[in-house]
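Could you walk me through this model in my viewer, one selection at a time? I would like to know what to pick next and what I will find there.

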Amino acid sequence: MLTLKKNTASLLADATAKLFGEGLLSADEIFEMLEYPPDKSMGDIALPCFRLSKSLRKAPPVIASALAAEISCDEFSEVNAMGGYLNFRISPTAFATRVVSDIRAAGEKYGSPMCGEGKTVILDYSSPNVAKPFHIGHLGTTVIGHSLKLLHQFAGYNCVGINYLGDWGTQFGKLIVAYKKWGGREQVEAGGVDELVSLYVKINNAIKDEEDASVAGMPEGSRKHSALADESRAEFAKLEHGDEENLALWRWFVDVSLKEYEKTYKLLGIDFDSYLGESFYTDKMPAQVEKLRNMGLLEIDDGASIVNLDKWNMPVCLILKSDGTTLYPTRDIAAAVYRKGEYKFDKAIYVTSAAQSLHFAQWFKVVELMGYDWYDQLVHVPYGTVSIGGAKLATRTGNVILLRDLFDEAIKRVYEITREKHPDEDECRAISEKVGVGAIIFYYLSNNRIRDINFVMEDALCFDGNTGPYAQYTYARTCSILEKAGECGEMTDAPLTEVEFELAKVLSIFPERIKSAIAEYEPSVVTRYILDLCAAFNRFYHDCKIAACEDKDLRSSRLALTAATSRVLKTALGLICMQTPEKI
């Protein structure tokens, strides 16, 4: 449809120039004016003529009628004026032939806007906190981020995926204290991240108990105190100052965590170009702090070093604590400066929870105040929060659903269904993994990313209706039809039914949906498109004989439409991190 709209805009630009004079509207301006009528009876594309009315001093219906008499195109069966609109009705066979031809010629690149050639994008996503497990709350940044990477790669960008590990901060002081008091090497080696989490939860509970005990019997509002909290801060300070014992423990905690994370990334088919975490920028922060100080941007507030952002209606941005330790903005600024120098990016995308929106707005503004002229290349892509039964996720309290458990359950449920059809054990397990993991991904990406999600296991693992398994099954159906037919067919002059024409129209709008998904940083645009394409193909499948069609020309056209659907579905599913089994 994008190609047809461009052709239509060009025709209209020529027609308006011929009828009303040069320079009235360019083809690009007309393209932006074209609409899809809400009622199919009005046509397939429409040009509202009201904007032209003002400059030409003619009534919109008069302009529409004049243009209707001038326009002629093989892909339009009818061009007519209706009120102030010029409506175009597409010729089904000619249109479908061109769409299928475009898909076949472009292959796996059909739909790519190729707007990123020669440009580099870095994407900071997933980025779990070390020594904590992957839970459902991490799924958003991981699959949204990777889908955005795939979309940008599809558009021709050079993409750098960065897993900015949360491998630094005061939580490691807590973990070191907990390990020294209650842990042991054998327990951690055996239990992995689960044992580290157990230690982290234990010390947080112990700190809370100490704080509560410190104010027991005291006047309301008394300041809480915990000796364990003080000890944890001291251990982290030692870590920041290069204490070898603490550094060795910290490196070990990171290694244990990465082994666990790699299992999840393998299931999702995700890899990263860089695993440089927060710790990598420890020696790069002082230069940025000094730059802020030399520029007169740093102020001292109660011993802490801050940047005042009152002019921009934001709270102060903390750069250093009163004890001289760094904070998230310090590390993020240093990381951005390093990445600009390392990758020469044209755009840097950060995929994190919407709860961090203020944090990103603050340090983006600080980068601008520091005089870095690439500040406007920094993009925060927020997404909604996840809760369980309405309760916020929290590792310290244990209120989480671990991703590995979620995936295991999904794979198990698919296996119970597919083993009856696939007696081969290896094949059955391979299909179950692709469909089970795909179900979770599709569930998450089916809604606008900014929406909050109250996670319900039963909904995520429901395989009926508009779900990932339904989309994957539709793709497998196209593969089965083509395999049995033994050919992909060619479009012919055979007249098409309405459902065939509708399928061709849905196929044609894929490039537009990709442009929207990239512009809006919104993978759910692709997910919704997949559902539209599956619905259009399944109507076509149920209403029309395909491989069994007795009319040779019609059979060929229908196989060609099936092959085109298969190609586009495979591309679209791949762009939202989903695998495409040819048998289910």
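Start by selecting Ile300 and Ser305: in this predicted model, Ser305 of β7 is the bridge partner of Ile300. Now widen the selection to residues 298–301, which are strand β6, and residues 304–307, which are strand β7. The two strands run antiparallel and are joined by 4 bridges. Together they make a hairpin, with 2 residues between the strands. Click on Asp302 in that turn, and you will find a positive phi of about 55 degrees.

Then keep Leu86 and show what surrounds it. Leaving aside residues up to four places away in sequence, Leu86 touches Leu12, Ile45, Ala46, Leu47, Cys49, Ala64, Leu67, Ala68, Val79, Asn80 and Ala81.

Finish with a pair of helices: select residues 510–520 for α20 and residues 524–543 for α21. How do their axes meet? They come within 8 Å and cross at roughly 155 degrees. That angle is over 145 degrees, and α20 and α21 are therefore roughly antiparallel to each other. To see the contact itself, show Phe510, Arg513, Ile514, Ser516, Ala517 and Glu520 on α20, with Val525, Val526 and Tyr529 on α21. Coloured by class, this contact shows 6 nonpolar, 1 polar and 2 charged residues.

Key:
Residues are numbered from 1 along each chain as its sequence is written. This is a predicted model: local features need pLDDT of at least 70, side-chain atom pairs count only at pLDDT 80 or more; totals for chains, interfaces and linings use all residues. Side-chain values use heavy atoms; hydrogens and water are left out. Two strands pair if DSSP finds at least two bridges between them. Contact means heavy atoms within 4.5 Å. Axes are lines fitted to C-alpha atoms, for helices over the stretch in contact, and angles run from 0 to 180 degrees between N-to-C directions. Angles under 35 degrees count as roughly parallel, over 145 as roughly antiparallel, 65 to 115 as roughly perpendicular and the rest as oblique. Ala, Val, Leu, Ile, Met, Phe, Trp, Tyr, Cys and Pro count as nonpolar, Asp, Glu, Lys and Arg as charged, and the others, Gly among them, as polar.
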